[in-house]
Amino acid sequence: MRKSLQLQAEMMQEFGACVFDVSLDCEDGAPVGGEAEHAALVTELALGAAEGARVAVRIHPVDHPAFEADIATIVRKAGAKLAHVMLPKCESLADVEHAARAIDAAGSPDLPLQVLIESPAAVHRAFDIASHPRVQSLSFGLMDFVSAHGGAIPSEGMGIDGQFTHPLVVRAKLEIASACHAHGKVPSHSVITEFKDTAALKRAVTRANREFGFTRAWSIHPDQIRPILEVMAPTEQDIENATTILVKALAADWAPIQHAGKLEDRASYRYYWQVLERAHQTGRRLPTEAQGWFEAARH
């Protein structure tokens with residue numbers, strides 16, 4: 001956790017913005033019987049994070065004995081420093097509401113929730129879960145999802161290629177991404193366990209982004225962060241094209257324009273603005289005109 005926070009601070013200096021979140025893990029990170037001590041450590045680390053850092057905490061599931069204690073210790077003391085709370089093993093909208101009430105009672109009524117979808121039942125209810133106003137993002141928990149099928153999905157379904165071809169896994173990914181886009185939330189792809197193979201990682205994240213509509217992805221190793229940012233970021237040509245079109249649109253007071261022999265209007269303007277948002281969020285250099293727009297947005 002300390003190494004992740006240090007890397008985040010270093011990359012904030014490099015890019016001039018925080019380009020990835022750090023999630024401090026209580027669910028799998030705490031030893032059995034040591035949950036209280038681990039929650040205290042997470043609280044200490046969150047409070048000591050650099051200014052402008054995006055630090056989150058993955059608490060225990062709502063039905064775990066340590067859930068209430070996680071909220072009481074971490075959110076009550078460090079809620080103002082947290083970017084969001086990650087809720088694992090979420091099965092229903094009722095679980096989200098339960099977590100939101102607990103966070104409210106701990107004094108952080110505006111703290112967003114991000115939700116891990118990790119079972120067939122949760123996939124079935126993904127649209128309801130994504131509809132909750134506190135939910136910011138849905139993440140796909142691939143390995144737990146495969147394990148929840150009791151051996152019906154082979155281990156290849158967790159692999160670099162099988163997770164994009166097995167019908168049940170493909171269906172889950174599409175449902176989660178679609179639920180997020182239907183409610184204006186962020187779909188976040190599961191971890192890629194082959195962290196030593198950068199080419200395979202890039203191939204998988206590219207497929208997740210371009211074929212399945214995921215706009216963020218988890219990393220499990222520091223070496224994965226830069227390749228993920230590279231894949232998720234628009235190309236220089238995409239950034240230049242988006243800027244050119246939006247400059248022309250602004251000059252036309254957002255009326256339809258012609259560009260490169262094509263009609264562009266407000267529907268496509270929204271798309272090109274999203275291209276620039278992704279570029280900004282992933283630390284890419286923007287043309288001067290676009291830099292001005294984001295400076296204005298910050299002020």
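# A walk through the predicted model

Asp253 lies in the loop between α11 (236–251) and β8 (257–259). Helices (H or I, at least four residues) and strands (E, at least two) are DSSP runs, numbered from the N terminus. This is a predicted model, in which local features need pLDDT of at least 70 and side-chain atom pairs count only at pLDDT 80 or more, while totals for chains, interfaces and linings use all residues. Residues are numbered from 1 along each chain as its sequence is written, and side-chain values use heavy atoms, with hydrogens and water left out.

Asp253 is not a glycine, yet its phi is positive, at about 55°. Most residues other than glycine have a negative phi. With a relative accessibility of 61%, Asp253 counts as exposed; exposed means over 50% relative accessible area, buried under 20%, and partly exposed in between (1.4 Å probe, protein chains only). Ala260 also has a positive phi, near 55°. Ala260 belongs to the loop between β8 and β9 (262–264), and its relative accessibility of 67% makes it exposed.

Two strands count as paired if DSSP finds at least two bridges between them. Strand β2 covers residues 55–58, and β2 pairs with β3 in the parallel sense over three bridges. Within this pairing, Val57 stands opposite Val85 in β3. Together with helix α3 (residues 67–78), β2 and β3 make a right-handed β-α-β unit. Right-handed means that, with the strands pointing away from the viewer, the path from the first strand over the helix to the second runs clockwise.

Strand β3 (residues 82–87) is in turn paired with β4, again in the parallel sense and over three bridges. The chain gets from β3 to β4 through helix α4 (residues 93–105), and this β-α-β crossover is right-handed. Two facing residues can be picked out: Met86 stands opposite Gln114 in β4, and Val85 stands opposite Leu113 in β4. Six of the six residues of β3 are buried, so β3 is largely enclosed by the rest of the structure.

How many of the five residues of strand β4 (residues 113–117) are buried? Five of the five are, so this strand too is largely enclosed by the rest of the structure. The cover extends to both faces of β4, with Leu113, Val115 and Ile117 buried on one side and Gln114 and Leu116 buried on the other. β4 also runs parallel to strand β5 (residues 135–140), to which five bridges join it. Val135 in β5 is the bridge partner of Leu113.

Between β4 and α5 the chain forms a loop that contains Glu118. At 5% relative accessibility, Glu118 is buried. Helix α5 (residues 120–124) includes His124, which is exposed, with a relative accessible area of 62%. His124 and Val135 are 11 residues apart along the chain, and their C-alpha atoms are separated by 17 Å.

An unreviewed entry lists Arg58 and Glu118 under "binding site". These two residues are spread over 61 residues of sequence but cluster in space, with a largest C-alpha distance of 14.1 Å. Arg58 lies in strand β2 and counts as buried, at 15% relative accessibility. Under "binding site", the unreviewed entry also lists Glu118 and Asp144. This pair is spread over 27 residues of sequence and clusters in space, with a largest C-alpha distance of 5.4 Å. UniProt positions are given in the numbering used here, feature names are shortened, and annotations may be inferred rather than shown by experiment.

The unreviewed UniProt entry also lists residues 9–221 for "domain: HpcH/HpaI aldolase/citrate lyase". Over this range the chain is 43% helix and 15% strand, and its end C-alpha atoms are 16 Å apart.

The last stop is the second largest pocket, which is lined by 13 residues; Phe15, Arg284, Arg285, Leu286 and Gln291 lie nearest its centre. At least two lining residues come from each of α12 (266–281) and α13 (288–298), and α13 gives the largest share, four residues. A pocket here is an open set of points on a 1 Å grid where a 1.4 Å probe fits, with protein on both sides within 12 Å along at least five of seven lines, and lining residues have an atom within 4 Å of a point.
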